[in-house]
Amino acid sequence: MNKTLLFVTVLVIATCGLIYELIVGTLASYLLGDSITQFSTVIGGYLFAMGIGSWLSRFIERGVAQRFVEIELGVALAGGFCAPLLFLTFALTDVFRVALYGSVLAIGTLVGLEIPLLLRILKDQVKFKDLVSQVLTFDYLGALAASISFPLFFVPKLGLVRTSLMFGLLNALVGLWSTWLLAPVLAHPTRLRVKAVLLSVLLVVGLVLGDRLTNFSEEHLYADEVVHATSSPYQRIVVTRSKRGFSLYLNGNLQFSSVDEYRYHEALVHPALVRAGKVERVLVLGGGDGLAGREILKYPEVKNVTLVDLDPAITGLATRYGELAQLNAHALTDPRMHVVNTDAMKFLGEGSDTWDVIVVDFPDPNNFSLGKLYTTGFYKLLKKRLAPDGVAVIQSTSPLFARRSFWCIDTTLKAAGFWTQPYHALVPSFGEWGYVLVAHEGTPQRRPLPEGLRFLSEDTLATLFQFPSDLGPLPAEVNRLNNQVLVHYYEEEWSRWN
């Protein structure tokens with residue numbers, strides 16, 4: 001047996017094993033939301049299953065090499081097809097969680113069997129102390145390779161389905177080459193080779209049809225036709241079209257519908273701009289679709305707009321995708337617009353410039369990575385970058401569906417030292433939606449609304465700040481970085497409506 005190639009096998013199977021874990025965790029967070037919970041339960045379940053596999057290895061007493069190759073082929077089958085299986089299960093059935101944790105248990109158990117069996121195969125070739133250190137070294141190197149390559153290359157370049165199938169193929173090839181490496185101790189190497197080749201062919205077919213499998217799954221996830229879908233290092237981006245218009249989804253969550261987005265974006269932008277002392281310099285945090293920018297550029301006094309969005313795939317889509325570029329009136333290619341693709345908190349913390357108006361248009365705080373953008377720490381940074389007579393506005397989820405979450409945002413802004421004025425508007429695709437206007441101190445309306453608005457008028461503007469009893473204030477804790485209470489409020493409240 002070639003010891004060097006067997007250690008390379010350890011490296012490959014360790015990489016594959018962690019990739020499957022990352023695929024399942026990412027897919028669960030895409031489809032179910034709350035990435036912290038999904039990754040925690042998937043990782044915990046996977047490690048538990050690996051422990052089961054390691055314990056079960058003690059019952060394999062004969063034909064260890066034969067069983068090792070069979071297990072490799074089992075990992076290739078279960079891991080390679082986990083992503084397409086889970087996508088289809090979510091789209092077509094009501095047993096997604098059963099399939100999710102069933103996959104975690106199956107793959108984890110099989111992966112847990114691999115290393116103990118390899119150690120037993122190698123025990124007569126290498127001293128025990130060297131064997132353990134070398135096997136674990138290659139195992140951890142494989143984990144490092146997987147953790148770096150998965151977010152930087154495989155997800156944005158291949159997507160989850162093709163990544164799953166590709167690593168399944170890699171596992172099948174490991175099983176195939178192991179039939180030669182372990183040939184002296186295999187009882188039926190030819191049978192194993194036939195199985196490995198057939199499985200490899202099946203996975204290659206899956207790879208060729210990977211995009212079709214993804215498209216088929218997504219067509220059943222969304223009510224309307226999927227016309228554009230891509231993955232970035234940060235999220236899954238899907239555009240759907242119906243007879244009425246098109247919609248943008250990020251990780252399965254609706255961002256806007258072209259039918260009524262004007263109501264959301266007019267309500268987001270104009271209450272702040274009509275109250276600011278000046279509107280020459282405007283900062284947009286989020287809003288990579290360019291629709292808030294379209295509304296801002298309706299003011300001739302605006303000289304410079306800086307738009308900060310983490311994902312260049314979104315700002316690129318807003319520039320190059322014809323329907324979206326037309327909908328945002330080509331805002332991102334306007335000479336007054338400057339696009340920066342970076343983290344908003346990092347951007348605010350590194351500079352000292354101030355802005356007359358700041359528009360904060362982040363996704364809802366449905367996980368802790370987004371929740372940090374709704375904390376006192378973030379709002380204190382925001383306050384430092386707002387001009388003395390400037391006005392900012394924060395998208396603040398629904399005061400109807402997530403009432404305590406909405407008022408938690410208002411409470412947190414006050415704790416950061418802002419004067420606040422909450423308001424809301426009806427957006428049919430979302431229902432009642434909330435915003436909070438903030439400044440260093442109270443500010444009156446200073447300029448009229450621009451002409452040509454479809455939703456807002458001087459008469460309707462005042463009504464946005466009136467709250468009926470069922471939307472009114474509720475007591476809420478301040479959202480701080482060390483407690484993220486807003487994320488817990490949000491999960492609890494929205495779960496009642498889903």
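A search of the whole structure finds 20 aromatic pairs, a pair being rings of Phe, Tyr or Trp (its six-membered ring) with centres within 6.5 Å; planes under 30 degrees apart count as stacked, over 60 as edge-to-face and the rest as tilted. The rings of Phe90 and Phe96 have centres 5.1 Å apart and planes at 85°, so they are edge-to-face.

Before I go on, this is a predicted model: local features need pLDDT of at least 70, side-chain atom pairs count only at pLDDT 80 or more, and totals for chains, interfaces and linings use all residues. Residues are numbered from 1 along each chain as its sequence is written, and side-chain values use heavy atoms, with hydrogens and water left out.

Phe96, at 5% relative accessibility, is buried (under 20% relative accessible area; exposed is over 50%, partly exposed in between, with a 1.4 Å probe and protein chains only). Phe90, at 28%, is partly exposed.

Next, Tyr423 and Phe465. Their ring centres are 5.0 Å apart and the planes are at 45°, so this pair is tilted. Tyr423 is buried at 0%, and Phe465 is buried at 18%. Both belong to one aromatic cluster, whose members include Phe401, Tyr490 and Trp494. Arg275 lies over the face of Phe465, 5.0 Å from the ring centre; the criterion is NZ of Lys or CZ of Arg within 6 Å of the ring centre and within 35 degrees of the ring normal.

Last, Glu493. Leaving aside neighbours within four places in sequence, Glu493 is in contact with Phe401, Ala402, Arg403, Arg404 and Ser405, contact meaning heavy atoms within 4.5 Å.
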